[in-house]
Amino acid sequence: MEQDLGLSTASGSRNTDYLCSQNRYKTAGLNLITKEADPFNRRRIQLRLTPLGVRIKNDLLNELNGLHNHSGNGIQEATENK
């Protein structure tokens, strides 16, 4: 992930902490992902969506697909209708 986004390992870890149920300061996070050690490489961490994370991902995809399939104007039309 760090390579894809151009982040340092520390920055990637810090940013993903806020997406977990509890961040590094032991305060409530967003509970969108879990972090687990990779069983084949202990230096790697696997990120998985929680049920809430899956629900939000699906809602976003449905919204994006709905905007895209609505008339071809997509986001432009949606923002004009507000």
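**Figure 1. Gln46 sits in strand S2 of a predicted model.** Strands are DSSP runs (E, at least two residues) and helices likewise (H or I, at least four), numbered from the N terminus. Strand S2 spans residues 41–49. This is a predicted model: local features need pLDDT of at least 70, side-chain atom pairs count only at pLDDT 80 or more, and totals for chains, interfaces and linings use all residues. Residues are numbered from 1 along each chain as its sequence is written, and side-chain values use heavy atoms, with hydrogens and water left out. Gln46 is partly exposed at 24% relative accessibility. Here buried means under 20% relative accessible area, exposed means over 50%, and partly exposed lies in between (1.4 Å probe, protein chains only). The C-alpha atoms of Gln46 and Lys35 are 5.7 Å apart, across 11 residues of sequence. Setting aside residues up to four places away in sequence, Gln46 touches Thr34, Lys35, Glu36, Asp38 and Pro39. A contact has heavy atoms within 4.5 Å. The side chains of Gln46 and Arg48 make a polar contact of 2.7 Å. Such a contact is a pair of N or O atoms within 3.5 Å; within protein, one must be able to donate a hydrogen and the other to accept it, and residues adjacent in sequence count only if both atoms are side-chain atoms.

**Figure 2. Arg48 and Glu36 form a salt bridge.** A salt bridge places a side-chain nitrogen of Lys or Arg within 4 Å of a carboxyl oxygen of Asp or Glu. The closest N and O atoms of Arg48 and Glu36 are 3.2 Å apart. Arg48 belongs to strand S2 and Glu36 to strand S1, so the pair ties together parts 12 residues apart in sequence. Both ends are partly exposed: Arg48 has a relative accessible area of 41%, and Glu36 has 36%. Side chains of opposite charge can pair when their charged atoms come close.

**Figure 3. Lys35 and Asp17 form a salt bridge.** The whole structure holds 2 salt bridges. In this one, the closest N and O atoms are 2.7 Å apart. The pair links distant parts of the chain, 18 residues apart: Lys35 in strand S1 and Asp17 in helix H2. Lys35 is partly exposed, at 29% relative accessible area. Asp17 is buried, at 13%. Beyond four places in sequence, Asp17 is in contact with Gln22, Asn23, Arg24 and Lys35.

**Figure 4. Arg24 lies in the loop between H2 and S1.** Arg24 is partly exposed at 42% relative accessibility. Neighbours within four places in sequence aside, Arg24 contacts Arg14 and Asp17. The C-alpha atoms of Arg24 and Arg14 are separated by 7.5 Å, the two residues being 10 apart along the chain. The side chains of Arg24 and Tyr25 are joined by a polar contact of 3.4 Å.

**Figure 5. Lys26 and Asn31 have positive phi values.** Neither residue is a glycine. Lys26 has a phi near 65 degrees. Lys26 sits in the loop between helix H2 (9–17) and strand S1 (33–38). Lys26 is exposed, with 61% relative accessibility. Asn31 has a phi of about 60 degrees and is placed in the loop between H2 and S1. Asn31 is partly exposed, at 34% relative accessible area.

**Figure 6. Thr50 lies in the loop between strand S2 (41–49) and helix H3 (51–71).** Thr50 is buried, with a relative accessible area of 7%. Not counting residues up to four places away in sequence, Thr50 touches Asn31, Leu32, Ile33 and Thr34.

**Figure 7. Helix H4 has the lowest mean pLDDT among the elements of the protein chain.** pLDDT is the predictor's confidence in each residue, from 0 to 100. The mean is 52 for H4 (residues 75–80), whereas S1 has the highest, at 94. The chain average is 83, and 79% of the residues score at least 70. Where pLDDT is low, the predicted coordinates should not be read in detail. The chain contains 4 helices and 2 strands, in the order α-α-β-β-α-α. Of its 82 residues, 16% are buried. Among contacts with a separation of 6 or more, 4% join residues 24 or more positions apart.
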